[in-house]
Each structure stands twice: as C-alpha cells, then as structure tokens.
Amino acid sequence: GAAYLCCEGKRANGEPKVLCMLGAGWSFSLATYGLIWGSSGLVFLVCLSSLPATVAILFFCVWLFGVMALACTGCSDPGIFPLYARPKAANWRYCSKTRSYRPPGVMYCSESGFLVEDLDHFCPWTGTTIAKKNMCCFQTFLANIMITLVATLVMVGAASTHSSGRWKNHGAGAASLRASKQHAVVKFRPDDVVCGISTWYSSGTTIGYGTLDFSCKDNTKIISDVLFADWGLSTGSCGNFQSKESCSDSDDSAKQWARDRCVGKSRCKLQPEKVAQIGDPCPGTHKRLVVELKCE
C-alpha cells in the first residue's frame, strides 16, 4: 500500500505482523503535532514561571499523554489484513484492487492502498487509516484534544491569577525602580520616601514572598521612620496606601515590626515570612506586605 513500514514481526501462525508504521498521510500529521501540541506546549513554557507546581505537573502529564495518543494512532497497525491468493471460506470475496481474497468485515482503503479490518475512515490529521486496531488510540486522541484545550485555559487563568497580585510601578515621578524578580518591588520618591510591596508568588517548585530590600536613595541618609506598614490586603499606591479593614493588623503591629528592623539604619531587609510572627489577620489568604519608609 501507500503506508511506510518501519518495523515488522510475525504472529504465532507465521503471518506477518506490523509493529510500527507511518500512514500514507504521515507528512500532514506533522501539522497536527505543531498546531495542537506545539502551540499548547509553547503556552506552557511561557506560563511556566507563573504556575503553581501542581498545575504545571498536571498540564505536562496531559500534554505528554496527548502526544503519545497521537503517535499511537499514527504509528500503530490499524488492522491491515494479509493478502490471500485463495479464499479460506465460501463467504470470502475477491478484491480486484489488491488481487486477493477478503472475508466479510474487511474493506479496501483507497487512500492507504490496503485491506483493513473494520474500516472506519482515513484521517488526514493523524495521517493514517482508522480501523479496528487503532480505534482506541484515535478516540483517546480526540478526547485528549478537548482535555488539552480546557487544561490550557485553566493554565492561562492560573498564571494570570498569580501574576495579577504582582505590584507594578506606573508613577511618572519615580526616580528609580529596583525589583527582586517581580514579586518584591521597591520604589523611590523624590521626597526621600521609599515604598515597597511584597506579594505571594509561585515559580516552578518555589513558592513564597519576595524579600523587600530597602535603602535610602541618598547614601548619606538613614531611615528615620515608618510612615505606613500593613500585613494584609491593603490598597492604593505609594504615598496613598490604605488598609483593608477585613484583612489588616489593626493594632499597627506590622508598623512596629518594621520600625524595629529599619529605623536608624541605612539599609534593611524585610521578609514577609517573618512578619507572620506578629499574627495572621486573615488565615488562608495570600496577603501583601506593604511598607512606606522615610529617609533623613
């Protein structure tokens, strides 16, 4: 036929057995790999740094299983029937295309050019004939397309959710911006005020909060006071932060915690994991550490 035989064995009765092959339309199936698995794989790589480890592992397993299902469909024997010069039963019929006899249920596939058991159709997307022996792989491949589509949407949503909490500076009056990755940002204002926001992040197998690294813009000055500090879900921007009543340390414990570590110093580092020692205003919530310092 028009298919390409890669590896062949023998059955117990001595008849040939196809172990691996490429269908007549194998070249077109490359477009399927690129269109479906290539595009979803690219989205996965782009979103990987923003995904929780469990979501990344789950999507990779779905993606790999889909590639295997497509390969199984395109490279396995669809049920090719051997050629017989003489009929083995009275109900066998002669096939002029292959010049051989075939029993009921065996049909000729014009695209592949061979006899096959329980022929369903020829699928250009997998590049091969779909019949008795590769039908299970084909149905798995179709189901996995839908699963991969849903998983890709979930992955993009998860990556967007974890990225949305990262604070970005849009102020035109910022003198400079220093960031430790994107989950801990420190912003300098011209009036010797330094602001910082640390948010929860997930990068591969690493999760946590970014460490805020404060220092005065002018190296001759020191941190003189903590104007604002909150461990919760505060809103606003540098110079206009506001605590959220439903999730905030109402007793200013975060502010005192920051004072103890920064006032009187030219530089200090604040780690949100340690601020948890003062208490948890809203358990089970990814909070933010927001601090506004004054240099003199």
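Author: Start with a loop. This is a predicted model. Asp192 lies in the loop between strand E10 (184-188) and strand E11 (193-203).

Reader: What phi does Asp192 take?

Author: A positive one, about 65°, although Asp192 is not a glycine.

Reader: Is Asp192 buried, partly exposed or exposed?

Author: Buried means under 20% relative accessible area, and exposed means over 50%. Asp192 has 22%, so it is partly exposed.

Reader: Where does Asp118 sit?

Author: Asp118 is in the loop between strand E6 (114-117) and strand E7 (121-123). Its phi is positive, about 50°, and Asp118 is not a glycine. At 43% relative accessibility, Asp118 is partly exposed.

Reader: Which residues of H2 are buried?

Author: Ala56, Phe59, Val62, Gly66, Val67, Ala69, Leu70, Thr73 and Gly74.

Reader: And which residues of helix H4 are buried?

Author: H4 covers residues 253-262, and its buried residues are Ser253, Ala254, Lys255, Trp257, Ala258 and Cys262. Just after H4, Gly264 has a positive phi of about 90°.

Reader: Last, the surface. Which residues make the nonpolar patch of about 330 Å²?

Author: Tyr4, Trp26 and Leu30 make it. Tyr4 belongs to strand E1 (residues 4-10). A patch residue needs over 30% relative accessible area. Tyr4 is partly exposed, at 47%.

Note on methods:
Residues numbered from 1 in each chain as written. Predicted model: local features only at pLDDT ≥ 70, side-chain atom pairs only at ≥ 80, totals over all residues. Heavy atoms only, no water. Buried < 20%, exposed > 50% of the residue type's maximum accessible area, 1.4 Å probe, protein only. Helix = DSSP H or I, 4+ residues; strand = E, 2+ residues; numbered from the N terminus. Patch = residues over 30% accessible without salt bridge, like charges linked within 9 Å, V, L, I, M, F, W, Y side chains within 5 Å. Areas by Shrake-Rupley, 256 points an atom, 1.4 Å probe, with all protein chains shown as cover. Salt bridge = Lys/Arg side-chain N within 4 Å of Asp/Glu carboxyl O.
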